[in-house]
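Here are a few friendly notes to read alongside the model. Take them one at a time, and keep the picture open as you go.

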Amino acid sequence: MGQIQVNILGTSFKLQADEDTQFLTKLLDYYEKIVNKVSQVDSAKNNLQISIVSGLLLCEELFKEKANKLKNLSEEELNAYSYNTELEKRTSALIEKINKVL
């Protein structure tokens, strides 16, 4: 179980997860890179907008990666898989972990 201190967009909290600390640090570093790119866009006006756009960009990236791996499936199968599998499980798990921290 790993733990890191998150300091981003004016918010600070400790995050504890089943992953090891090194993995969590890499994850946070990657997210910070996305946030910094989004922060440089004029249309991103506040921290909430920046975090939402960053999350959407990461979801897009994840969806494209999964689509590449599953390109042999039909569009219907891909949609069913994308909405009903691991993505939902991971999202729910992350939400639970964030709620515990808050």
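1. With which residue does Lys-64 form a salt bridge? The partner is Glu-60, and the closest N and O atoms of the pair are 3.1 Å apart. Please keep in mind that this is a predicted model. The count of salt bridges comes to one.

2. Lys-64 and Glu-60 are four residues apart in helix α2 (residues 47-69), so about one helical turn separates them. Lys-64 counts as partly exposed because its relative accessibility is 48%. Glu-60 has 38% relative accessibility, so Glu-60 counts as partly exposed too. Side chains of opposite charge can pair when their charged atoms come close.

3. Now follow helix α2 to its neighbour. Helix α1 (residues 21-39) packs with α2 at an angle of about 120 degrees, and their axes are 9 Å apart. That angle makes α1 oblique to α2. The two helices cross in a right-handed way. Among the residues that meet here are Tyr-30, Ile-34 and Val-38 from α1, and Ile-50, Val-53 and Leu-57 from α2.

4. Next, look at strand β1 (residues 2-8), where the side chains alternate. Gly-2, Ile-4, Val-6 and Ile-8 point to one face and are buried.

5. Finally, meet the partner strand. Strand β2 (residues 11-17) runs antiparallel to β1, and seven bridges join them. Gly-2 stands opposite Ala-17 in β2. Two residues lie between the strands of this hairpin, and Leu-9 takes a positive phi near 55 degrees.

Terms used
Residues are numbered from 1 along each chain as its sequence is written. This is a predicted model: local features need pLDDT of at least 70, side-chain atom pairs count only at pLDDT 80 or more; totals for chains, interfaces and linings use all residues. Side-chain values use heavy atoms; hydrogens and water are left out. Buried means under 20% relative accessible area, exposed over 50%, partly exposed in between (1.4 Å probe, protein chains only). Two strands pair if DSSP finds at least two bridges between them. A salt bridge is a side-chain nitrogen of Lys or Arg within 4 Å of a carboxyl oxygen of Asp or Glu. Axes are lines fitted to C-alpha atoms, for helices over the stretch in contact, and angles run from 0 to 180 degrees between N-to-C directions. Angles under 35 degrees count as roughly parallel, over 145 as roughly antiparallel, 65 to 115 as roughly perpendicular and the rest as oblique. A crossing is left-handed if the near helix is turned anticlockwise from the far one by less than a right angle, and right-handed if clockwise. Contact means heavy atoms within 4.5 Å.
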